[in-house]
Amino acid sequence: YNTVTGVGTVWSMMTPWNHPQYLKRVWCVFEFYIANTQNGVILEFIMPEEGKEQMMASLSDIDSLFAALSRTKIENSSSSRPEDKRNIWCMELNVKVNTTIRKWISKVLLNKVDNLQGK
């Protein structure tokens, strides 16, 4: 906990956009959660332009988009130590992480639409 809150900013590499590797590890999901719920910690997302383009293309397949918006479940993530997974898991964590991902994806999509309209 102190390690995450002490760094100030957590950078989350969201690639591939629809199933980020970052969100498949217990400790990464925990960092994401702490950065999103504690004062003094900023959660920043990083995504290659290609990933943003793939996300935009997914709009034609709404089921894929919805699946990506609810995919993160800490109970499905991996850990080198099984006790880490048991100690970190909680339902609130899943809800908070998925809600944050939805907001971020919405922001990326809206920015892309704004850029397209400006061209």
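Mentor: Gladly! Thr-100 lies in helix H6, which covers residues 91-118; helices here are DSSP runs of H or I with at least four residues, strands are runs of E with at least two, and both are numbered from the N terminus. Residues are numbered from 1 along each chain as its sequence is written, and side-chain values use heavy atoms, with hydrogens and water left out. This is a predicted model, where local features need pLDDT of at least 70 and side-chain atom pairs count only at pLDDT 80 or more, while totals for chains, interfaces and linings use all residues.

Trainee: Is Thr-100 buried or exposed?

Mentor: Buried means under 20% relative accessible area, exposed over 50%, and partly exposed in between (1.4 Å probe, protein chains only). Thr-100 has a relative accessible area of 10%, so Thr-100 is buried.

Trainee: Which residues is Thr-100 in contact with?

Mentor: Contact means heavy atoms within 4.5 Å. Setting aside neighbours within four places in sequence, Thr-100 is in contact with Phe-32, Asn-36, Leu-43 and Phe-45. With Asn-36 there is also a side-chain polar contact of 2.2 Å. That term stands for a pair of N or O atoms within 3.5 Å; within protein, one must be able to donate a hydrogen and the other to accept it, and residues adjacent in sequence count only if both atoms are side-chain atoms.

Trainee: How many aromatic pairs does the structure hold?

Mentor: Rings of Phe, Tyr and Trp (its six-membered ring) pair if their centres lie within 6.5 Å; planes under 30 degrees apart count as stacked, over 60 as edge-to-face and the rest as tilted. The structure holds 3 such pairs. For Phe-45 and Trp-104, the ring centres are 4.8 Å apart and the planes stand at 25 degrees, so this pair is stacked. It links distant parts of the chain, with Phe-45 in strand E2 (residues 42-46) and Trp-104 in helix H6, 59 residues apart. Trp-104 is buried at 8% relative accessible area, whereas Phe-45 is partly exposed at 22%. Ring pairs also tie Phe-32, Phe-45 and Trp-104 into a cluster.

Trainee: Which residues touch the most other members of the largest nonpolar core?

Mentor: A nonpolar core is a set of buried Ala, Val, Leu, Ile, Met, Phe, Trp, Tyr and Cys residues joined through side-chain atoms within 4.5 Å. The largest one has 29 residues, and Leu-23, Met-55, Val-97 and Ile-105 touch the most other members. Two or more residues come from each of H2, helix H3 (49-57), helix H4 (62-69) and H6. H2 gives the most, with 8 residues. Leu-23 touches, among others beyond four places in sequence, Phe-32, Val-97 and Ile-101.

Trainee: In which sense do E1 and E2 pair?

Mentor: Two strands pair if DSSP finds at least two bridges between them. Strand E1 (residues 9-13) and E2 pair in the parallel sense over 5 bridges. Trp-11 stands opposite Glu-44 in E2. From E1 the chain crosses through H2 to E2, and this β-α-β crossover is right-handed: with the strands pointing away from the viewer, the path from the first strand over the helix to the second runs clockwise.

Trainee: And where does Ser-78 lie?

Mentor: Ser-78 sits in the loop between H4 and helix H5 (82-88). At 33% relative accessibility, Ser-78 counts as partly exposed. Apart from residues up to four places away in sequence, Ser-78 touches Lys-24, Arg-25 and Val-26.
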